[in-house]
Amino acid sequence: MSTPLADPASAQFATNPPRELPTRRGTELVLLAFATFIVTIALVLVEANQEQELTSSIIWLGLSYLGVLTAAHLAVRRWAPYADPVILPCVALLNGLGLVMIHRIDLALAERAIQQGKEYTPDVTKQVLFTAISLVLFVVVLIVISDHRTLTRYGYTCGLVGIVALALPAVLPSSLSEVNGAKVWIKLPFFSIQPGEFAKILLMIFFASFLVTKRDLFMVAGKKIVGVELPRARDLGPILIAAAACLGVLVFEKDLGTSLLFFGVTLVMLYVATERVIWVVLGVGFFAAGAIIAYNLFTHVQQRVRNWIDPLATYDDPGGGYQVAQGLFGLGTGGVGGTGLGAGRPDMVPEAKTDFITTAIGEELGFVGLAAMLMLYLILAMRGMRSALAVRDTFGKLLGGGLAFTIVMQIFVVVGGVTNLIPNTGITAPFLSRGGSSLLANYILVALLLRISDAARRPATRPKPQQPQAPIAEAHTVLVQRPPANGEGSAS
């Protein structure tokens, strides 16, 4: 008769051994190859419609793009084997479509420069270089952060660094920080960087670790008014600080999009931690009050609102609705099916490579193409949310949910601004727009999402089997005699 196992967990594994989950890395590689094929075909269509000579450079560009992404895939296979297989291909396709549109606008601007007798330097080369650097940083994050829970040790440090990075452009002179009216840059002789892109990730790490340790404070209800349990007054500190910080960004840096993004992410993480809608209601109320105060005090906020209400009325004004109106004209020209890649005029819209790149996609790919692009963002965010729900620790749930919601919130602010749903904010579309800071920060975000999804999908380790022990009643008794003193006598 066999002796029963002493450990219940070991007994469970003995009778119902854990099922080996597939890593799905092969699926990820196939999806990456499919994304590269789409990007290569898009480049061919752009070249053909622009009446350029089709050369083998397009094939080499597609193969090099596939090679870079394959290196990223191998890194995921090595250091995050159980990560979600859909996240990286979605990012690769969005990044590739952004490269295609930047190249397409480069061709139009280069032709205009030739007609004017000027020289033009294309931006797509820099964007490809930033993509390679971003993927290197992506791999470094996967290697260094082997467990996302280690980030909780540096929560307050990340919060301090994030606040400094967010506020630094506001205190610098305009010559070192201002671009197109917004003070969100740090301009150095050899390169420029937008620290707010990295601050959003650092602040999310801080909020996630803070809410994990202080979650019980936000769960306590205060007075009940009209059937609604309000929070206690002393617990409103974090949300008031977040509102003040976002209002400071709006006032001193003249960046409506960043302030809206940060505050929205803070509210969502607070709601996920407490499951209390009252925090969202209070947060929206605070932000609305701050926006009304800012509108009455600052002229640049008033100008943005006037451009939103009627861009044609301010079409010819300095800083007026010319850009918004041109973007709407482009979307109207594209219609449902679009003009075709390389057959539109996206170069007629100012900043078409950055803030208004979605209008270029809407013009040449139409409503169908723009909707497909938004579906890619939705799938990316949903897979991130799914990983956040499946991970076992609270910190991972909050951080993963915040990272995934950031993607949705950012693309909502971008598309809402160019379609005149909300006032234009001036932030870039993740992975699509030209810009090294945005690309670097968003690839760090994706690396953290993959790390969390790897922890969520990784099967639980099997406990080590323990040697069965005999019952105490059946155990043998061993008598040990005391050794003789001073070496005298002998043991019997």
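Modeller: Let us begin with Arg25, which is buried, with a relative accessible area of 2%; buried means under 20%, exposed over 50% and partly exposed in between, with a 1.4 Å probe and protein chains only. This is a predicted model, in which local features need pLDDT of at least 70, side-chain atom pairs count only at pLDDT 80 or more, and totals for chains, interfaces and linings use all residues. Residues are numbered from 1 along each chain as its sequence is written, and side-chain values use heavy atoms, leaving out hydrogens and water.

Biologist: Which backbone oxygen lies 3.0 Å from a polar atom of the side chain of Arg25?

Modeller: That of Ala83. The backbone oxygen of Thr23 lies 3.1 Å from a polar atom of the Arg25 side chain.

Biologist: How is a pair of packed helices described?

Modeller: By the angle between their axes and the distance between the axes. Here the axes of H4 (residues 87–115) and H15 (residues 357–390) come within 9 Å and cross at roughly 160°. H4 is therefore roughly antiparallel to H15, a term for angles over 145 degrees. Axes are lines fitted to C-alpha atoms, for helices over the stretch in contact, and angles run from 0 to 180 degrees between N-to-C directions.

Biologist: Which residues make the contact?

Modeller: Among them are Leu94 and Met101 of H4, and Leu376 and Arg383 of H15; contact means heavy atoms within 4.5 Å. The residues of this contact divide into 16 nonpolar, 2 polar and 3 charged.

How values were computed
Polar contact = N/O pair within 3.5 Å; in protein donor to acceptor, adjacent residues only side chain to side chain. Helix = DSSP H or I, 4+ residues; strand = E, 2+ residues; numbered from the N terminus. Parallel < 35°, antiparallel > 145°, perpendicular 65-115°, else oblique. Nonpolar A, V, L, I, M, F, W, Y, C, P; charged D, E, K, R; others polar.
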